[in-house]
Amino acid sequence: MSKLLTQLHELATQLTISPEQIGAIAVKFQQAMKNGLLGSPSSLKMLPSYVSKPSRKEIGTFLALDFGGTNVRVLLTELLGEGKYVVHARAGKPLKQKEGQYNHISKQATADHLFDFIAKQIAPLVKPDQIYPLGHTFSFPTDQRGLNTGTLIHWTKEIETTGVEGKDITTLLRSALDRQNLPNVIPKAIINDTVGTLLASAYEDPFTDIGSICGTGHNTAYIEPCAPDTKMPMIINLESGNFDQLPFTAYDALLDQQSEKPGEQRLEKMVSGHYIGELVRIIACSLFDDGLLAGSTSTRKILTTPYILHGAHISLLLEDDSEKKEQIAHFLESKLSIADSTLEDRQTLIKIASLVSIRSARLVAATYIGILTHIDPDCSQNHTIAIDGSLYEKAPNYAKTIQMTLDEELGSKKKVTSTLTKDGSGIGAAIATAIAIHTES
Ligand code: GLC
């Protein structure tokens, strides 16, 4: 066997998650959930959301604000009941401009900059003589004491804006809305994007009890039948991206050490779109160091630029089914200035991307099995797992691998279905607002 093949074989051994490992991870995950619920030490924060399943009768027109770390999006949404809704207007912008004109998520940005920018995106959808109840999907770990208050515990996804950690997000938003002269926009609810995805899917499909994001970040929420606070059913945001009882490789350790917050978000660093491109780069770099990837000094330079590969590039690597892998050759040349890649280089990159992507889907599925075992040990009920995010939606075979892993572990006769729920953060925020208003009256 050639040295490259031996290395790739070794890589496959390290990155393949066996059925036994799936079972073991699920058990550890379930235990971490229990510890988190009891307030014992756990890598799972188990954050209460103060909202439960929708009645599916929620109706009305609401503003939905979606802040996930890449863009700010605002929707004016009318809920019509039983899964139906109309989006009347949309607005939004990226939080950072590629040309570098502005960046609201860097260390230099302050809370006021960021929230003024957010409020300015809301303004075009608002008429001065009308009242607009607003639901806010804020996709970071927040400590909630009610449906409309939430303190940011800490940033994730490498966001660094100062003066937001430890602050109540609704208060920051309220002040910015006042500064932008929008007193008629009334925040009513703040939710995580996983909670939004769960709500949006459950609005249509009552079997939904898990909501998850497989995109730039990764996280899951589920309906806890007996929440610690209220002893009633409540959606809990696991912040599962922070789960850390996992089979780490030396590549995972390196990525973690070089990240903004070493030791944190260990699962997210193995599975999410923000990190898997970087993992592929780190692995390719190590093959290059061993003289196993051809190419010139230009290859070396590109390979040593952190985060040059994104989740979308992984999809691109996995999509090219041409014999010569021309699309990949074109990508390497046009985007990374590598003009001299060989077919073997391109096939090697595909192999690495495939191993990393399958590992991601299988690890995520293992955590779902942990949750399902917690809520329904015999798995006797129907369950829908609602999932949103670019990886789940776009990465070739990603969604299929999740479902196959669930079937492999639970048996395909069990009625556990994973399904794409688009725009869950937007629609979910509107549903949470309707629930908040209903609870007030
Ligand atoms: C990160 C955030 C989490 C969010 C996820 C998906 O993991 O900490 O709150 O749900 O990204 O956006």
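The second largest pocket holds about 190 Å³ of space, a pocket being an open set of points on a 1 Å grid over the protein atoms alone, with protein on both sides within 12 Å along at least five of seven lines. Among the 13 residues lining this pocket (an atom within 4 Å of a point), Ala 200, Ser 201, Glu 204, Leu 420 and Thr 421 lie closest to its centre. Please keep in mind that the model is predicted, with local features needing pLDDT of at least 70 and side-chain atom pairs pLDDT 80 or more, while totals for chains, interfaces and linings use all residues. Residues are numbered from 1 along each chain, and side-chain values use heavy atoms, without hydrogens and water.

**More on the pocket**
- Helix α5 (193-204) and strand β13 (416-420) each supply at least two lining residues; these elements are DSSP runs (helices H or I, at least four residues; strands E, at least two) numbered from the N terminus.
- With 4 residues, α5 gives the most to this lining.

**Second largest cavity**
- There are 3 cavities of 30 Å³ or more, a cavity being a set of points where a 1.4 Å probe fits but cannot get out.
- The second largest cavity has a volume of about 80 Å³, and its lining includes Trp 155, Lys 157, Glu 260 and Tyr 275.

**Helix α4**
- Ile 169, Thr 170, Leu 172, Leu 173, Ala 176 and Leu 177 are the buried residues of α4 (169-179), where buried means under 20% relative accessible area (1.4 Å probe, protein chains only).
- Seen down the axis, these buried residues fall within an arc of 160°, taken from the directions to the C-beta atoms, so they line one face of α4.
- Just after α4, Asn 181 has a positive phi of about 60°.

How values were computed:
Buried means under 20% relative accessible area, exposed over 50%, partly exposed in between (1.4 Å probe, protein chains only). Grid points are joined across faces, edges and corners, and a volume is the space filled by probe spheres set on the points.
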